[in-house]
Structure formats: C-alpha cells, structure tokens
Amino acid sequence: RFQCRDRFGCHPVHRLRCIDDAEARRIARGTLQECLAHALEEILAFAFYAIGLATARLHARATDRDIDIHLHEPGQLGAFDMEEIAERTRRLGFQGRVVISHAFCLGTVDDAYAGRLIDLLVENDIAVMSHGPSGPASPPSVKRLREAGVRMCTGNDGIRDAWGPLNMPDMLLRTFLLVYRNNFRRDDDIQLALDIATYGGA
C-alpha cells in the first residue's frame with residue numbers, strides 16, 4: 001500500500017493516485033452509492049411533487065375550485081415548478097384562478113430568467129402572494145411583479161401556530177413586513193405595499 005506524501009492531505013480524487021487498487025475501489029463504490037442515494041432522493045421528491053400537483057389539478061377540475069400552490073423551492077427547481085404550473089394552467093383554462101404563494105424562486109434566479117417566469121405569470125393570469133418572509137428566503141420583487149402586471153396579494157402564512165408562532169392577524173403589520181423585506185423607502189413604494197394589503201388580500 002502506498003501512502004499519500006501530501007502531509008496536509010489532498011482532494012479525494014487526487015488521493016486515489018496515492019493508494020492501492022483495493023482502497024481505490026472501496027472509495028469509488030462509496031462515492032457511487034452516495035451519488036445514487038442522492039439521485040434517488042431527488043427523483044422521489046420530484047415524483048411526490050408531481051403526484052401532488054396532478055392530484056390538486058384533478059381535484060380542482062372536478063370540483064371547479066380555484067388553486068393556491070405554496071411554492072417554497074428556490075432557484076432552478078422552483079423555476080421549473082413554476083413553468084409546469086403555468087403550462088397546466090394554460091392547458092386547463094384556469095387563467096385567473098391560480099395563485100402561487102411565496103414564489104421564492106423569483107428572487108433566487110438570474111434577472112433574465114426571472115423576467116421569463118414573470119412573463120409566464122402575466123400570460124396565464126397567475127397571481128402571486130408574498131408575505132414578507134422571515135429567514136434566509138429571498139422574496140420576489142413586489143415592485144417588479146406589480147409593474148409587469150402580475151396580480152399581487154399578501155396575508156399571514158398561519159396565525160400563532162407551530163408553523164408561524166409570531167404571526168398575528170394584523171394586515172398593517174403584514175404591510176410593514178412586506179415593505180421591510182422589499183427595502184421600500186419612498187412614499188409611492190410604501191403606498192404600493194399598502195394597496196396590495198388593502199385590495200389584494202389573500
């Protein structure tokens with residue numbers, strides 16, 4: 001067996017050059033198993049989401065109900081989900097009857113991609129609910145959405161429950177949080193948030 005001569009350690013891939021074949025195979029098997037486990041986890045997560053979305057779609061169609069989808073996934077995954085929601089809205093003729101709550105992906109993809117997603121929302125008349133979330137979540141730009149013509153609303157994502165123990169049924173407080181999380185300073189921007197809370201309440 002050969003020993004790694006780098007006393008400070010080296011990258012696992014480079015380390016394969018410093019060990020015998022049996023140890024290299026053992027590391028490779030472990031890495032492959034980890035990759036497969038992660039891939040299976042992602043596939044199952046997507047499958048459960050797809051099943052849930054299909055079930056909601058069938059139920060909405062059968063009962064003629066409007067749909068509110070809470071989309072928490074950020075980045076590319078959330079953007080993909082939003083594209084799928086827009087496509088299903090178009091196919092079912094549910095324009096004006098779908099709300100996407102949170103839509104964190106709009107605040108976590110690049111500007112050009114966000115613009116394309118916003119165009120899909122406008123084309124399919126899909127509303128967005130933003131409540132000025134706490135924590136590391138990046139809320140979508142309320143001003144950009146409103147200026148693009150997206151219908152907006154806000155509200156409390158639960159009231160004093162295990163999910164949001166600090167939430168209170170106070171829409172002025174919710175307006176404050178919406179203003180704070182969007183870094184609004186100008187009077188007209190604050191008025192925009194107040195308008196959403198007053199006339200676009202979820």
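This is a predicted model: local features need pLDDT of at least 70, side-chain atom pairs count only at pLDDT 80 or more; totals for chains, interfaces and linings use all residues.

Q: Pocket first. How much space lies in the largest pocket?
A: About 410 Å³.

Q: How many residues line the largest pocket, and which lie nearest its centre?
A: The lining has 19 residues. Nearest the centre are His131, Pro133, Ser134, Asn167 and Arg174.

Q: Which helix gives the most to that lining?
A: Helix H6, residues 171-181. H6 supplies five residues.

Q: And how do the lining residues divide by class?
A: Nine are nonpolar, seven polar and three charged.

Q: Back to H6. At what angle do H6 and H7 cross?
A: Roughly 135 degrees, with the axes coming within 9 Å. H7 covers residues 187-199. That angle makes H6 oblique to H7.

Q: What hand is the crossing of H6 and H7, left or right?
A: H6 passes H7 in a right-handed crossing.

Q: Which residues make the contact?
A: From H6, Met171, Leu172, Thr175, Leu178 and Val179. From H7, Ile190, Ala193, Leu194, Ile196 and Ala197. By class, the contact of H6 with H7 has nine nonpolar residues, one polar and no charged.

Q: New topic: H3 and H4. What are the angle and the distance between their axes?
A: H3 (residues 75-92) and H4 (residues 111-123) pack at about 25 degrees, with axes 10 Å apart. Angles under 35 degrees count as roughly parallel, so H3 is roughly parallel to H4.

Q: Is the crossing of H3 and H4 left-handed or right-handed?
A: H3 passes H4 in a left-handed crossing.

Q: Which residues meet there?
A: H3 brings Gln76, Ala79, Phe80, Met82, Glu83 and Ala86. H4 brings Tyr113, Leu117, Leu120 and Leu121.

Q: How does the contact of H3 with H4 split by class?
A: Eight nonpolar residues, one polar and one charged.

Key. Residues are numbered from 1 along each chain as its sequence is written. Side-chain values use heavy atoms; hydrogens and water are left out. Axes are lines fitted to C-alpha atoms, for helices over the stretch in contact, and angles run from 0 to 180 degrees between N-to-C directions. Helices (H or I, at least four residues) and strands (E, at least two) are DSSP runs, numbered from the N terminus. Angles under 35 degrees count as roughly parallel, over 145 as roughly antiparallel, 65 to 115 as roughly perpendicular and the rest as oblique. A crossing is left-handed if the near helix is turned anticlockwise from the far one by less than a right angle, and right-handed if clockwise. Contact means heavy atoms within 4.5 Å. Ala, Val, Leu, Ile, Met, Phe, Trp, Tyr, Cys and Pro count as nonpolar, Asp, Glu, Lys and Arg as charged, and the others, Gly among them, as polar. On a 1 Å grid over the protein atoms alone, a cavity is a set of points where a 1.4 Å probe fits but cannot get out, and a pocket is an open set with protein on both sides within 12 Å along at least five of seven lines; lining residues have an atom within 4 Å of a point. Grid points are joined across faces, edges and corners, and a volume is the space filled by probe spheres set on the points.
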